[in-house]
Structures are given as C-alpha cells and as structure tokens.
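Subject: Structure handover

Dear colleague,

Here is the structure I promised to pass on. Please look through it first; my notes follow below.

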Protein chains: 2
Amino acid sequence: MHSPAIVADKYREQGRRLTPQRKLLFALMHGNETHPTAEGLFAVASKRMPGISLRTVYQTLDELSAMGEIQLMHCDGEAVRFDSNVEEHHHAVCAETGELFDVYVDNINSLRAQLPAGFEVENVSIVFHGRLAEKKSKSPARPQTVRAKTTKRAPRRTSRGSNK
Amino acid sequence: MHSPAIVADKYREQGRRLTPQRKLLFALMHGNETHPTAEGLFAVASKRMPGISLRTVYQTLDELSAMGEIQLMHCDGEAVRFDSNVEEHHHAVCAETGELFDVYVDNINSLRAQLPAGFEVENVSIVFHGRLAEKKSKSPARPQTVRAKTTKRAPRRTSRGSNK
DNA sequence: TGCTTATTTGCAAGTCATGCGAACAATGCT
DNA sequence: AGCATTGTTCGCATGACTTGCAAATAAGCA
C-alpha cells in the first residue's frame, strides 16, 4: 500500500473526500504487516478515535481494495484479513497462534501440476500451514526448500459461527 | 472417501447407528468430485429423501470429516465445500463458473519459499485461480508446467452476506 | 416387543458482512 | 466566513452460513 499521502491524493483525484476516519485508517494500514481483520483494525482505530464505526472500517477497507491499495485474504473459514502488501506473494499460517506471515516464492512456475484440460491459470495462491518453533535461535529468514511432512492433510476444522 | 459399506462398518465399530439419512449421504458423497457445499448436498439429498434436514447434512459431513473420510475446503469467502478426496492434492477454481477441480502437484518440495525463521511446514495448500477455456479440443489432462500470468493478483472480491 | 440411547429436526442464536437511509461534514463557491 | 452541495459516516436491519439445544424419533439389542 502506498503512503497515506499518496493514497490521499488518489482519493482526491477520484473526487473522494478526506475524512479524519480515512486518514486514520490509511495510517493504520500503511506498512501494517499483521493482516488484521476488520474487527481487529476497528479495535485499534477505536483507541485513537473513539466512536469510529465498524461500518466505516469495512467501507474504507473495501475502497482501498477496490483501488488496489490492499488485498483481501481469506484464510480457512475465518474473517477476511486485509493485507497491505499487494506485491505477488503468499502466506504462512501458524496453527498455534493464527498469525499470518508473508512468504515469497520465486519459482512458482516450476510447479508440475496436473490441471484440468483447457484450464488457464491466472494466479496461484499458496498457503503454508505449520507452526513457529519455539524461537531458540534467531537466524534471519533465508530461502529454503520446503520440506512438508508428506502426511495426509489433517482435516482442518471449520470455525465460523458460535464459539462461546 | 471409502465405499459406503466400509464407512458403514467404521460407523458401527464406533457404536454409531446406521440411519437411512447417513446411508444416503454416504452414497452421495462417495466418489463425488463436485466439491458440494452442505446446501448443495442437501438439495440433492432432498430429492431422494424429502424431509431430510439440512442440520443432519451438516452433522453427517462433520462426522465424516472428523473420521478423515472427507476434507473441508474453504475457497475464498464462500460456504465450505466438502471434498471426498482425502489424498494429498490441491485445487483449481474456475472464476467463470466457480467450479472446483482437484489438482495433483508432484513437486511441491521444490518450491523455494522464504519462510519466517523457525517456521515448520506441516502442509501446503495450493489453489490455482483461472478459468476453463471454451472447450474446443478435449485432449486429456497431462502434466504441464504452470504458466501463471505474472500480473499482480487482482483484488478478489469477498462475497458472503446478502446477494439479493 | 420393549428399552436404552444415539439421531434427527426445527428453531433459536451467533458470526461476519453488506444494504439502507438519516444525520453529518468536507469542499467549493461567493 | 457563510452556505450549498453531495460524498460520508454510522447504526440498525437484514442476510448467508453454521452451530447449539432440546424434544421427538428410531436404531440396535436383550
């Protein structure tokens, strides 16, 4: 996502108005790597601007995504998460914490996939499910070859609806 | 998913009862490659057994997934789809029709991914988004190299809630 | 056949999102 | 600055998809 100033310009160019709510949300999303849900962002925004409406958060996020400034990301059956990173990238989800990380994969084209006849791929999304080992060493992330346990994918549980 | 007879045995072994509803649903899911939603399966089941409850369909599907006979599959923000294929495989979604196809990828381990430090991958899920070209030739699906347009991923729309 | 206990059902309730319209406020103009 | 115009915000209603619950049923067994 572009800087708040640039996004503001794009807004103006489109005849949209710059409200305090929008300014706040631009700032909160810029450089945000937490992949927040609307509710999550709303919670943060509410601290700085009590009274802001969840409806406005949804609305602004929708605008930003329509403008290509952020991306929507559905993970399992959870609430939509918003990603300020619009570069081509993928994700890793920690089964422990639910945290979501950006992952860059540089050789997607080398995948050998048995696609249906006549299927034209427009884009591929890859999600690595796993968990963060108890952080012992803190070696920086570096390219590595995936080594997924070749176990059958464990039936993941859905989880929308009541959870009381 | 195993044959209805085998699934029935597993049910009996677990002290579960064999009801007509369950038998029907076993039969409908066995070999089913349409990745139906609960509502979809309910619609089909209702024809053969008017009066069957959507609640029962959900319940039976949950049991089957808990027993590892089927898998849950979340695609974008849509309703959960149930997959009778529990082998390790992936999916392709047609943006045109929403159809979902099984895809086998044989060299996932060769992906070069920049994962967070200390992230242990348990499994990877890959979804190919694209569309089925107007079926002109009908050459059988054969292994091929993915050739995704390297365009930025188009912001996909979420779509739950009203659609009236 | 009669019991015991698992199931089925229908409805209420819950979560995440969007539709809608009235009250508000950013902009542009004078 | 004052005012009109029209885009925005906000709260509530509505909607889609699921799950919780409890009463009514019906498997499986003696």
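Helices here are DSSP runs of H or I with at least four residues, and strands are runs of E with at least two, both numbered from the N terminus. On that count, chain A has 4 helices and 7 strands. Their order along the sequence is α-α-α-α-β-β-β-β-β-β-β. Please keep in mind that this is a predicted model.

Confidence

Mean pLDDT for chain A is 87, with 82% of its residues at 70 or more. Residues 149-164 of chain A are another matter: pLDDT stays under 50 there, and the model has 19 contacts beyond four places in sequence for this stretch.

Overall layout of chain A

The domain assignment divides chain A into domain 1 (4-73) and domain 2 (87-130). Between the C-alpha centres of these two domains of chain A the distance is 26 Å. Chain A has 164 residues, of which 27% count as buried. Among the contacts in chain A with a separation of 6 or more, 50% are between residues 24 or more positions apart.

A helix pair in chain A

Helix H2 (residues 20-29) and helix H4 (residues 54-66) of chain A have axes that come within 10 Å and cross at roughly 65 degrees. The crossing of H2(A) and H4(A) is right-handed. On the H2(A) side, the contact is made by A:Gln21, A:Arg22, A:Leu25 and A:Met29, and on the H4(A) side by A:Thr56, A:Val57, A:Thr60 and A:Leu64. By type, the residues of this contact between H2(A) and H4(A) are 4 nonpolar, 3 polar and 1 charged.

A loop residue in chain A

A:Asp76 sits in the loop between strand S1 (71-73) and strand S2 (81-83) of chain A. Its phi is positive, at about 50 degrees, although A:Asp76 is not a glycine. Is A:Asp76 buried or partly exposed? A:Asp76 counts as partly exposed because it has 18 C-beta neighbours inside 10 Å, and a buried residue needs 20 or more.

Helix H2 of chain B and what follows

In chain B, helix H2 (residues 20-29) has these buried residues: B:Arg22, B:Leu24, B:Leu25, B:Phe26, B:Leu28 and B:Met29. What do the buried residues of H2(B) pack against? Their partners in chain B are helix H1 (4-13), helix H3 (38-48), helix H4 (54-66) and strand S2 (81-83).

After H2(B) comes B:Gly31, with a positive phi near 70 degrees. The loop between H2 and H3 of chain B also holds B:His35. B:His35 has a positive phi too, near 50 degrees, and is a residue other than glycine. B:His35 is buried, because 22 other C-beta atoms lie within 10 Å.

B:Ala38

B:Ala38 belongs to helix H3 of chain B. Which residues does B:Ala38 contact, leaving aside its neighbours within four places in sequence? They are B:Leu54, B:Val57, B:Tyr58, B:Leu61, B:Ala79 and B:Val80. B:Thr56 is 18 residues from B:Ala38 in sequence, and the C-alpha to C-alpha distance between them is 9.8 Å. B:Ala38 counts as partly exposed because it has 19 C-beta neighbours inside 10 Å.

Regards

Note on methods. Residues are numbered from 1 along each chain as its sequence is written. Chains are lettered from A and ligands numbered from 1 in the order in which they are written. This is a predicted model: local features need pLDDT of at least 70, side-chain atom pairs count only at pLDDT 80 or more; totals for chains, interfaces and linings use all residues. Domain bounds come from an automatic or database domain assignment. Axes are lines fitted to C-alpha atoms, for helices over the stretch in contact, and angles run from 0 to 180 degrees between N-to-C directions. A crossing is left-handed if the near helix is turned anticlockwise from the far one by less than a right angle, and right-handed if clockwise. Two residues are in contact if their C-beta atoms, placed from the backbone, lie within 7 Å. Ala, Val, Leu, Ile, Met, Phe, Trp, Tyr, Cys and Pro count as nonpolar, Asp, Glu, Lys and Arg as charged, and the others, Gly among them, as polar. pLDDT is the predictor's confidence in each residue, from 0 to 100. A residue is buried if 20 or more other C-beta atoms lie within 10 Å of its own, exposed if 12 or fewer, and partly exposed in between; C-beta atoms are placed from the backbone.
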